[in-house]
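Please walk through this structure with me, one region at a time. Keep the sequence beside the 3D view as you read.

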Amino acid sequence: MVVDVQSKILPGVTHWQSPNFYAYYPANSSVAGFLGEILSAGINMVGFSWITSPAATELEMIVLDWLGKLLKLPQEFLSSGNCFASGHGGGVIQGSASEAVLVVLLAARDKTLRMVGKSALGKLVVYGSDQTHSALQKACQIAGIHPENCRLLKTDSSTDYALSPEIVSEAISHDISIGLIPFFLCGTVGTTSSATVDPLYSLAKIAKSNGMWFHVDAAYAGSACICPEYRKYLDGVEEADSFNMNAHKWFLTNFDCSALWVKDRNALIQSLSTNPEFLKNKASQANLVVDYKDWQIPLGRRFRSLKLWMVLRLYGVENLQNYLRNHIELARYFQVCVGQDPRFEIVAPRKFSLVCFRLLPPVDDNETRGSNKLNQDLLEAVNSTGRVFITHTVRTTTPLLCSSLALSGMYTLRLVVGAPLTERRHIDAAWKVLQDEAFTLLCSPLQ
Ligand code: PLP
């Protein structure tokens, strides 16, 4: 078996835990997260209702309150004091940020339809930006939102690819004027392309004044906001209806563990609750407890809070903060390296541990190979060495079809520092690979 794993499985594995993995956004593993996984696998309960394993529900509420407090989320998002069914808000672990945005979109949709009537479904409109993760579009498809009513509003370099409140306001006013019903706005803290931060306060204000649900997706960058110096990027979340960060990305918690907080748990429950006879029990019937089955799509659920509990308890706040700071410092160091080489340029401002950059074409080469092809070739060459793995972002031309990895039509390389084992020597090595491959490409004849 071990031999088969080594010879048949591992050669086909992409090593996300390698210190040389800089692609997408990270997916951290850690001893604490791993222990939590083992314990969860060993206990192997299915905690859909409180009664099916009270500790699973109660630990999840407690741990998400801890994390919510670390992020300085407002009290309305927490379950504290409401350990049983009486509270208004609370946190829940979803499998992914995609599930998180789907469940809140369903809750918001149904809340609106209860007011305007079910027949208005075709008039409901959702707003995000062309940098919002494609999970929003998928959620719209599943929720039956008319494809033309998912507005991915244009961003550009003048706002560092952040959603402009003016553009949002204009789009909403226009839609209202033609009889449509705006009901959901998604802001992002740390977009997938370039880790841009949308202006949460202004967006929340617009959402509120139009009676819309405001969701904040901080899947990647939310982790950094446990550090006081990065918390400012969450300013405005106080006004949101829901907030999500992936502990399974950059928070040492093994996949999957996506933390979602809502202010109005009943909105979720009204959309997602079923109550078949075979699940009835005294505690649920008396409305004394939280049954997380009503806060998510599936019925069954794993004991995922165990790993987050282990991570928080075994590492503690200070170590976690320093872990995140170290990655951000390594990214800053990489950015300095790139900035000092005149053959390269930094393409987007860096806030967290993502650096967006590209190789500049030689002056006389612009028309023939073009900068996009050059950077595509560089990405291929670098990844083909097998010594590092980076990814890219580029914008398509039709806004509605925009990939979420998109920046102004320019093929851009992304290097994200976030693997637990990455040290400065790995960054040096990655930069050397990039420089060497760039040298080879720039010296090679055009194809
Ligand atoms: N939102 C943002 C900003 C992301 O960067 C990602 C993934 O990288 C997602 C959502 C989707 O995350 P998940 O894979 O948990 O659905």
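Find Asp-160 in the loop between strand 3 (150–153) and helix 6 (165–177). The model is a predicted one. In it, Asp-160 has a positive phi of about 55°, although it is not a glycine. Most residues other than glycine have a negative phi, and most peptide bonds are trans.

Tyr-24 sits in the loop between helix 1 and helix 2. With 17 other C-beta atoms within 10 Å, Tyr-24 is partly exposed.

The loop between helix 1 (2–9) and helix 2 (31–43) also holds Ser-18. Ser-18 is partly exposed and has 15 other C-beta atoms within 10 Å. Now look from Ser-18 to Ile-328. The two are 310 residues apart along the chain, and their C-alpha atoms are separated by 18 Å.

Next, a peptide bond. The bond from Phe-255 to Asp-256 is cis, with omega near 5°. Asp-256 belongs to the loop between helix 8 (247–250) and strand 7 (258–262).

Move on to helix 12, which covers residues 370–384. Helix 12 has 15 residues. From first C-alpha to last, helix 12 reaches 21 Å, close to the 21 Å expected at 1.5 Å a residue. Which residues of helix 12 are buried? They are Leu-374, Asn-375, Leu-378, Leu-379 and Val-382. Seen down the axis of helix 12, these buried residues fall within an arc of 140°, so they line one face of the helix. The face turned away from the buried side carries Glu-380 and Ser-384, which are exposed.

What do the buried residues of helix 12 pack against? Their partners are strand 9 (354–359), strand 10 (391–393), strand 11 (412–416) and helix 13 (424–443). Just after helix 12 comes Gly-386, with a positive phi of about 75°.

Two packed helices are described by the angle between their axes and the distance between the axes. For helix 12 and helix 13, the angle is about 125° and the axes are 9 Å apart. That makes helix 12 oblique to helix 13. The crossing is right-handed. On the helix 12 side, the contact is made by Leu-374, Asp-377, Leu-378, Ala-381 and Val-382. On the helix 13 side, Val-433, Leu-434, Glu-437, Ala-438 and Leu-441 take part. Leu-374, Leu-378 and Val-382 are among the buried residues of helix 12.

Helix 13 also meets helix 11 (residues 305–340). The axes of helix 11 and helix 13 come within 10 Å and cross at roughly 30°. Helix 11 and helix 13 are therefore roughly parallel to each other, since angles under 35 degrees count as such. Their crossing is right-handed. Leu-330, Tyr-333, Phe-334 and Cys-337 in helix 11 meet Arg-424, Ile-427 and Trp-431 in helix 13.

Notes. Residues are numbered from 1 along each chain as its sequence is written. This is a predicted model: local features need pLDDT of at least 70, side-chain atom pairs count only at pLDDT 80 or more; totals for chains, interfaces and linings use all residues. Helices (H or I, at least four residues) and strands (E, at least two) are DSSP runs, numbered from the N terminus. The expected span of a helix is 1.5 Å times one less than its number of residues. A residue is buried if 20 or more other C-beta atoms lie within 10 Å of its own, exposed if 12 or fewer, and partly exposed in between; C-beta atoms are placed from the backbone. The arc is that of the directions from the helix axis to the C-beta atoms. Two residues are in contact if their C-beta atoms, placed from the backbone, lie within 7 Å. Axes are lines fitted to C-alpha atoms, for helices over the stretch in contact, and angles run from 0 to 180 degrees between N-to-C directions. Angles under 35 degrees count as roughly parallel, over 145 as roughly antiparallel, 65 to 115 as roughly perpendicular and the rest as oblique. A crossing is left-handed if the near helix is turned anticlockwise from the far one by less than a right angle, and right-handed if clockwise.
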